[in-house]
Amino acid sequence: MAEGLVDHDIGSESSLEEATQSYLDALISSSLIMVDHIKKTGSKHLISLKVSGSLNLFWYICHTRHMRLVRVLQLDDIVLKDSLIEEIGSLFHLRFLRIYTQDVKAIPVSWLNLQNLETLLLNTEYTMVLLPRILKLSKLKHVKIHRSCFFEKEEEEDNIQSRILEGENSKLTTLSHVDIAYSEGTNDALKKFPNLQHLECSIRTPEDPPTHGDWFPKFDVLNKLESLFVEYRWFDCVYPNEYHFPISLKELRLLVFPLTPALLSAITALPQLEILAIILSYFVEDKWDASDDIYQSLKTLTLRRVDLSEWEVDRETFPKLEELILHNCYKLTEIPCAFAGIETLKSIQLMHMKREVEDSAIEIKKQIIDFAGEDRLQVYLSVVLYELEAEEENQTENAQRTEQQ
């Protein structure tokens, strides 16, 4: 009423308050708005429910049995009782589920009823085991769990063991975040997700790595995978001697990786790779000699907090590169001048880099102007766009002042 959404000239004997209440009731019954009651009573027609609150408000929702038609259930930062976790399995029409859990170590058996579920987002306190029953959710496409695994693992407190995934294949296209430890069944588990397009995971170095050195997960069995984000948890400088990526990859992000010649060779062999990001990693030889390599489809290259002193590049190394991003690479002293010969290069972004690196980026910009006759390269120094003309005008003004003096 205060916002003027109800017509004062309603043309009836009803008061403004009564008319407003009738409008409100109509909106509620149509599930267009929801009245915030502590007990969600009268919600049998509810289609979508989102509740936010503190971690201690576990009593906020007591039951879901009255929400039989709900399709979207999002309970942010609210600790749920085990009984309510089980009750969620009765919501047959549920398509989107986002909840916070503390004690649940695996998807409950009751959730096998969620045959319309498409998206599952779980914030978990403990590592959740992806038991075979997740494969039976026929429409499930997107899963994001704070911590999960799908291999045999013992929990210190409850001594719970999981089985390697078996049964039919998953329909999942997105899976995050999975902790992958070396196991003889690693590759068998990956084969259960043939439809994956996006995968975010971490790899743990085996405490007793096999002597053959071929223990890196065979991601190449995921022949539809387009995006892969991998965190490498390693120790004692133990590296695999082979790396297996699917040739379908378009985006690869590596976090805390030792960059060996074998790894770089595997990346170079990816024909469709367009985005490569290397983060918190180091080159084992302290240099990157890419002068003889060709990253044929790469458009965006990001190096963030990467230990690298020397970098050699040929003008044919990145024939389609459009964007170069360098952040906090403290050991690097310059950008190879060959980048000036990349006709597709549109921008260079630098953040917390040495002055020499900034100078080399500006020099590349000047070379492109001289040879191509156009100012097509944008250079960002600490997010600020570097303007060549402005700098030249300042230099001219300073020179004129000096002459006048």
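How much space lies in the largest pocket? About 270 Å³, and we will come back to what lines that pocket. This is a predicted model, in which local features need pLDDT of at least 70 and side-chain atom pairs count only at pLDDT 80 or more, while totals for chains, interfaces and linings use all residues. Residues are numbered from 1 along each chain as its sequence is written, and side-chain values use heavy atoms, leaving out hydrogens and water.

**The overall picture**

- The protein has six helices and 20 strands; these are DSSP runs numbered from the N terminus, with helices being H or I of at least four residues and strands being E of at least two.
- Of its 405 residues, 43% count as buried. Buried means under 20% relative accessible area, exposed means over 50%, and partly exposed is in between, using a 1.4 Å probe and protein chains only.
- Among contacts with a separation of 6 or more, 52% are between residues 24 or more positions apart. A contact means heavy atoms within 4.5 Å.

**The largest pocket**

- On a 1 Å grid over the protein atoms alone, a pocket is an open set of points with protein on both sides within 12 Å along at least five of seven lines, whereas a cavity is a set of points where a 1.4 Å probe fits but cannot get out; lining residues have an atom within 4 Å of a point.
- Grid points are joined across faces, edges and corners, and a volume is the space filled by probe spheres set on the points.
- The largest pocket, with about 270 Å³ of space, is lined by 15 residues, of which Arg-98, Leu-121, Leu-122, Asn-123 and Lys-144 are the closest to its centre.
- Strands β2 (72-79), β3 (96-101), β4 (119-124), β6 (142-149) and β7 each supply at least two residues of this lining.
- The lining of the largest pocket divides into six nonpolar, four polar and five charged residues. Here Ala, Val, Leu, Ile, Met, Phe, Trp, Tyr, Cys and Pro count as nonpolar, Asp, Glu, Lys and Arg as charged, and the others, Gly among them, as polar.

**Two cavities**

- A search of the whole structure finds two cavities of 30 Å³ or more.
- In the largest cavity lies about 40 Å³ of space, and its lining includes Phe-150, Leu-175, Phe-193 and Cys-201.
- Strands β7 (174-181) and β8 (198-204) are the elements that give two or more residues to the lining of the largest cavity. β7 gives the most, with three residues.
- What kinds of residues line the largest cavity? Nine are nonpolar, none polar and none charged.
- The second largest cavity has a volume of about 30 Å³, and Ile-267, Tyr-295 and Gln-296 are among the residues that line it. Its lining has five nonpolar residues, two polar and no charged.

**Aromatic rings**

- Rings of Phe, Tyr and Trp (its six-membered ring) pair if their centres lie within 6.5 Å; planes under 30 degrees apart count as stacked, over 60 as edge-to-face and the rest as tilted.
- By this rule there are eleven aromatic pairs. One of them is the edge-to-face pair of Phe-216 and Phe-219, with 5.7 Å centre to centre and 80° between the planes; Phe-216 and Phe-219 are both buried.
- Phe-283, Trp-288, Tyr-295, Trp-311, Phe-318 and Phe-339 form one aromatic cluster.
- Lys-105 lies over the face of Tyr-126, at 4.4 Å from the ring centre. A charge sits over a ring if NZ of Lys or CZ of Arg is within 6 Å of the ring centre and within 35 degrees of the ring normal.

**Residues to look for**

- Helix α4 (residues 261-268) has Leu-263, Leu-264, Ala-266, Ile-267 and Thr-268 as its buried residues. What covers them includes β10 (251-255), β12 (275-279) and β14 (287-289).
- Glu-323, in strand β17 (residues 323-327), is 22 residues from Leu-301 in sequence but 6.4 Å from Leu-301 in space, C-alpha to C-alpha.
- Where is His-177 placed? His-177 is in strand β7, and a cis peptide bond joins Ser-176 and His-177, with omega about 0°.
- Val-256, in the loop between β10 and β11, has a phi near 60°, a positive value in a residue other than glycine.
- His-352 has a positive phi too, near 55°, and is found in the loop between β18 (347-351) and α5 (355-372).
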